[in-house]
Amino acid sequence: MKVAMIGWEYPPFKVGGLGTHCYWLTRHLANLGVKIDFYVPKRSRAINVREKNLRVIEIGTTKVYPYDRVEEGALEGDFFESVNTYNELCAEKIHGDYDLIHVHDWLTVKAGINLKHKLGKPLIVTIHSTEFDRSGWLNPNEYFINIEKEGMEKADRVIAVSHYTKKVIVDNYGIPEDKIRVVHNAVNHVGEGKKKRRIVLFLGRLTIQKGAEFFLRAAKRVLEKEDCLFIVAGGGDMLPRLVDLSVELGIANRVMFTGPLTDEEVKHLYRIASVYVMPSVSEPFGITALEAASAGAATIVSKNSGVKEILKHCLTVDFWDTDEMANKIIALLRYDPLRKVITRNAKRDLNFITWERTAQKTLEVYREVV
């Protein structure tokens, strides 16, 4: 089987879960004997791969833009021109005897639709995040919604990264349930460090969707009872606002803002943190929760997330309930037996959450349409 897969980011050029997903999925599909041509915008340095059956082919030239919702901007300019140009170039330049086309999210949907008609081959669209998720359900933009809806309507199958996302797709885009397949993400294990510290960690893009504001409000309550350090790791539009909030709450001396980090720096934080909190307003999956658990951090995740469907040994909380979030953070900091039971059993969960399994389930979807 030969697949034309179109993406927007690919390690080492990535900013989130989309790039991580494409990296590991393509490699494990290649190991299963699927021939993958992965198309991606050309970057400043070439992307080198050595896996048999996998080629990364660069098309056009663009800057690396974060996979995120563009805030406070008109639907034009460099970002949108880059996306549209890339889609047009993919539709124009991709040829070959492919068995199917596989695209990811709104960034590559238009290329997928055009190639489906041009090559006469089935189209699969993976939905990692919808405009409703990215906007935090506050004023979702019709421009993105319409692109996503058209892509899912034209697709032969839609892959959702969680049952949570499947429900969003059915309820808000009117896509039939029997057209959607759920294939969860997986984790590449980080490995536990030698010593945990009294650190509570948040890691993610600093946008409305990720809920860092609620993390800080919970931190205020925790720091009234416990001596610990809160780390907000990552960059994004909300960083100045969050720094101001930490000052307003009187906790600036116990909160560290790291800004963007390298992969090695992220792994180091996972390994020293005792507690990891993912307080997302809406999280289709949440690979970071799996990474934190693999490093031995006790994990608290939003009830509005997909990862809790497969990571059974974690604590869950409503993102807006900062009192309950604080209570659970305090419990994990105070009671070593509780934290150890959760982290030990979470690692058992991770034994079954593998990219090999994700690739196998994706291959099953491929076979349905070929």
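This is a predicted model: local features need pLDDT of at least 70, side-chain atom pairs count only at pLDDT 80 or more; totals for chains, interfaces and linings use all residues.

I start with helix H7, residues 212-223: at 1.5 Å a residue its twelve residues should span 16 Å, and the end C-alpha atoms are 16 Å apart, which agrees.

Several H7 residues are buried, among them Phe 214, Phe 215, Leu 216 and Val 222. So what covers them? The cover for the buried residues of H7 includes strands E8, E9, E10 and E11, together with helices H8 and H11.

Now the rings. There are twelve aromatic pairs in the structure. One of them is Tyr 10 with Tyr 23, a tilted pair, 5.7 Å centre to centre with 50° between the planes. Tyr 10 sits in the loop between strand E1 and helix H1, while Tyr 23 is in helix H1, 13 residues apart. Tyr 10 is buried, at 0% relative accessible area; Tyr 23, at 22%, counts as partly exposed.

Next, Trp 106 and Phe 144: their ring centres are 4.8 Å apart and the planes meet at 70°, so this pair is edge-to-face. Trp 106 belongs to helix H3 and Phe 144 to helix H5, so the pair ties together parts 38 residues apart in sequence.

Elsewhere, Lys 2 lies over the face of Tyr 98, 5.2 Å from the ring centre.

Last, back to the tyrosines: ring pairs join Tyr 10 and Tyr 23 with Trp 24 and Phe 38 in a cluster.

Conventions:
Residues are numbered from 1 along each chain as its sequence is written. Side-chain values use heavy atoms; hydrogens and water are left out. Helices (H or I, at least four residues) and strands (E, at least two) are DSSP runs, numbered from the N terminus. The expected span of a helix is 1.5 Å times one less than its number of residues. Buried means under 20% relative accessible area, exposed over 50%, partly exposed in between (1.4 Å probe, protein chains only). Contact means heavy atoms within 4.5 Å. Rings of Phe, Tyr and Trp (its six-membered ring) pair if their centres lie within 6.5 Å; planes under 30 degrees apart count as stacked, over 60 as edge-to-face and the rest as tilted. A charge sits over a ring if NZ of Lys or CZ of Arg is within 6 Å of the ring centre and within 35 degrees of the ring normal.
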